Amino acid sequence: MVEFLLAYKIVVKVLISGFFGFLIKLVLEKTNQKWLATYHHTLTFILLPMITCGITNSIKSNIALSLGLVGALSIVRFRNPVKNTFELVLYFALISLGIIATVDVIFAIYFEIIILTTIIVCLFC
C-alpha cells in the first residue's frame, strides 16, 4: 500500500509539472510569441518539466547521480544551438519547474504563478 501511495505521488507530481509547462506555453502564445506555435515547442514545454521531475525523483538521494545529471545537461545544452536568450531562459525555467515540483507541489504552484505573472506584466511594459 505504501509503494502505491509513493508511486501515486510521483505520477501526480510529473503530471502537474507537465500541465504547468503547458500553461506557460499557452500564456506565451497569447502574448504574441509566434515562434512557440509549433508542435515541437508544445511537446518541449510539456515534456521537459515532466522528464526533469521524473529524473529528479529517481536520483534525489544520490549526490553522485545528481552531479552526473548536471554534467549531462550541460553537454545537451552546448550541443543544441539556442536561437535567442529568451528561449534559453524558458528552458531553464522549465527544468527548474520540474525540479521544484519534485521537492514540493505547493512551491511549484507558487513558482508557476510568479512565472506567469512576470510574463503578463512584461506584456504591458
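Trainee: How many aromatic pairs does a search of the whole structure find?

Mentor: This is a predicted model, and that should be kept in mind with every value we discuss. Two rings count as a pair if their centres lie within 6.5 Å. With that cut-off, the number of aromatic pairs found in the whole structure is two.

Trainee: Are the rings of Phe19 and Phe20 stacked, edge-to-face or tilted?

Mentor: A pair of aromatic rings is described by the distance of the centres and the angle of the planes. For Phe19 and Phe20 the centres are 6.1 Å apart and the planes stand at 45 degrees. Planes under 30 degrees apart would count as stacked and planes over 60 as edge-to-face, so the pair of Phe19 and Phe20 is tilted.

Trainee: What kind of pair do the rings of Trp35 and Phe86 form?

Mentor: The centres of the Trp35 and Phe86 rings are 6.3 Å apart, and their planes are at 80 degrees. Trp35 is in the loop between H1 and H2 and Phe86 is in helix H4, 51 residues apart, so that the pair links distant parts of the chain. Trp35 has a relative accessible area of 27% and is partly exposed, and Phe86, with 34%, is partly exposed as well. Since an angle over 60 degrees is what the label requires, the pair of Trp35 and Phe86 is edge-to-face.

Trainee: How many residues apart along the chain are Glu87 and Leu36, and what separates their C-alpha atoms?

Mentor: Glu87 is found in helix H4, and with 7% relative accessibility it counts as buried. Glu87 and Leu36 are 51 residues apart along the chain, while the separation of their C-alpha atoms is 9.6 Å.

Trainee: Are H2 and H4 parallel, antiparallel, perpendicular or oblique to each other?

Mentor: Two packed helices are described by the angle between their axes and the distance between the axes. The axes of helix H2 (residues 39-59) and helix H4 (residues 85-103) come within 7 Å and cross at roughly 40 degrees, and the crossing is right-handed. Because angles under 35 degrees count as roughly parallel and those from 65 to 115 as roughly perpendicular, H2 and H4 are oblique.

Trainee: How do the residues of the contact of H2 with H4 divide into nonpolar, polar and charged?

Mentor: On the H2 side the contact includes Phe45, Leu48 and Asn57, and on the H4 side it includes Glu87, Leu90 and Thr102. Counted by kind, the residues of this contact are 11 nonpolar, seven polar and one charged.

Trainee: How are H4 and H5 oriented to each other?

Mentor: The axes of H4 and helix H5 (residues 105-123) come within 7 Å and cross at roughly 155 degrees. Among the residues that meet are Ala93 and Leu97 in H4 and Phe107 and Phe111 in H5, and the contact divides into eight nonpolar, one polar and one charged. Because angles over 145 degrees count this way, H4 and H5 are roughly antiparallel.

Trainee: Is Asn32 buried or exposed?

Mentor: Asn32 has its place in the loop between helix H1 (2-30) and H2. Its phi is near 65 degrees, a positive value in a residue other than glycine, and most residues other than glycine have a negative phi. With a relative accessible area of 56%, Asn32 is exposed.

Note on methods. Residues are numbered from 1 along each chain as its sequence is written. This is a predicted model: local features need pLDDT of at least 70, side-chain atom pairs count only at pLDDT 80 or more; totals for chains, interfaces and linings use all residues. Side-chain values use heavy atoms; hydrogens and water are left out. Axes are lines fitted to C-alpha atoms, for helices over the stretch in contact, and angles run from 0 to 180 degrees between N-to-C directions. Helices (H or I, at least four residues) and strands (E, at least two) are DSSP runs, numbered from the N terminus. A crossing is left-handed if the near helix is turned anticlockwise from the far one by less than a right angle, and right-handed if clockwise. Contact means heavy atoms within 4.5 Å. Ala, Val, Leu, Ile, Met, Phe, Trp, Tyr, Cys and Pro count as nonpolar, Asp, Glu, Lys and Arg as charged, and the others, Gly among them, as polar. Buried means under 20% relative accessible area, exposed over 50%, partly exposed in between (1.4 Å probe, protein chains only). Rings of Phe, Tyr and Trp (its six-membered ring) pair if their centres lie within 6.5 Å; planes under 30 degrees apart count as stacked, over 60 as edge-to-face and the rest as tilted.
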